[in-house]
Amino acid sequence: MIKLSNVASGLNGTIKIPGDKSISHRSVMFGAMAKGKTTVENFLLGEDCLSTIDCFTKLGVTIEKNGSNITVYGNGLEGLTEPTDILDVGNSGTTARLIIGILSGLPFHSVLIGDESIAKRPMKRVTGPLKEMGARIQGNQDGNFTPISIQGGHLRAIDFVSPVASAQVKSAILLAGIQGIGTTTVKEPYKSRDHTERMLRAFGVRVEEDEFTVSVQGGQELKANLHIIVPGDISSAAFYLVAGAIVPNSKITLERVGLNPTRTGILDVLKKMGATMSFSNVEEEAPEPFADITIETSTLNGTEVSGDIIPRLIDEIPIIALMATQAEGTTVIKDAEELKVKETNRIDTVVNELRKMGADIEATDDGMVIKGKSMLTGTNLNSYGDHRIGMMGAIASLIANGETSLENAEAINVSYPNFFEHMEELKKGKE
Ligand SMILES: O=C(O)C1=C[C@@H](OP(=O)(O)O)[C@@H](O)[C@H](O)C1
Ligand SMILES: C=C(OP(=O)(O)O)C(=O)O
């Protein structure tokens, strides 16, 4: 349990946001599947990405770490070998779902487990279509929950219409698809993040896209000898973007934040709610653009967040909910049922924790309704083992009256290991 206090003099200064989690995972996975050396700069050393490194090391790949620079020595798909140990994905849904897709094409047996939270997260959304492609997968409740065992190989293509806009589902099927016979297509209800498509292309794979449909032909090889620069994670930046907007007397700059349009829903919401933001050092560099973002204390208004923007900000909803408590009027978040199958049921955990602090917030079936502006009061918060809920609580403590305590704060290491160091730097900024 840690104690947190509010900040009288505002947040000021510049911080460099750690590497993007989605892109870091993929750099190891695709580097491992490719033939040759892949070097990665600004890799996220968060626990989730370390779980990915651990799994691919068990699959026979050499991965060297030198601070946040890593090198992956891939030997192609045939260089991945049957693990003698269980693959443990820890808390990482992305590792679980993408690795199941990769293993489905490989001619050996593996067993996958994760932590208590992973054991509750649905895997049938990937194991279902992968079984249709020919993978032999078993797991609790018809392959829906870990532990999951996979015997891969001999895949055939599939035309899959996904009921959810999920990059994890799309990626798992595409990663199996490139190992199968024929052309595999995934159609989504809305476009989800496209890091897999961008990075596969950088590895020389042909990927066809048409609005919400992505296709790959089987039998394609990934070619390495690539240097990947991982931009800062906009999902991590979101916590300090909102902090900058809601903490009085603040002005902060976040360096090299990834600006992939499939991830920038948070920026659209900040603008719509009235935040004062500016962009500098914009790099359109392929495959992922980034820029520095400066934000300052702003007068905010409530808004509606729904429809096709939801997949573009799904992980930012906890911090958007906190921001809405500091906006004038009502904010409605809907079409966000996916929140129920994250590290926690984030509709319940967000509403619970913000209500404890005095927010006017109601859960709905597919989101939440927040009425602002509320004065928040320090209290005992819990992350429930969910990094994003922990960070939401810690940012809320900055504006709360009195002291806040946070149980299970260590969950934050999953995606933002230096989160509290950045908080201290920004608090000291002006003194
Ligand atoms: O593909 C990815 O890297 C991710 C996709 C999203 O999950 P879904 O695919 O379940 O929406 C997101 O919530 C997660 O943090 C990372
Ligand atoms: C949902 C998340 O990640 P994952 O699905 O990889 O556990 C997240 O980081 O908010």
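Me: Of the 431 residues of the protein chain, what percentage count as buried?
Reply: This is a predicted model, in which local features need pLDDT of at least 70, side-chain atom pairs count only at pLDDT 80 or more, and totals for chains, interfaces and linings use all residues. Residues are numbered from 1 along each chain as its sequence is written, while chains are lettered from A and ligands numbered from 1 in the order in which they are written. A residue is buried if 20 or more other C-beta atoms, placed from the backbone, lie within 10 Å of its own. By that criterion the buried share of the protein chain is 54%.

Me: Which residues of helix α3 are buried?
Reply: Helices are DSSP runs of H or I with at least four residues, numbered from the N terminus. Helix α3 covers residues 93–103 and is mostly covered, with eleven of its eleven residues buried. These are G93, T94, T95, A96, R97, L98, I99, I100, G101, I102 and L103.

Me: Leaving aside neighbours within four places in sequence, which residues is V242 in contact with?
Reply: Two residues are in contact if their C-beta atoms, placed from the backbone, lie within 7 Å. For V242, with those sequence neighbours left aside, the partners are I319, L322, M323 and I395.

How values were computed. Buried ≥ 20, exposed ≤ 12 C-beta atoms within 10 Å, placed from the backbone. Helix = DSSP H or I, 4+ residues; strand = E, 2+ residues; numbered from the N terminus.
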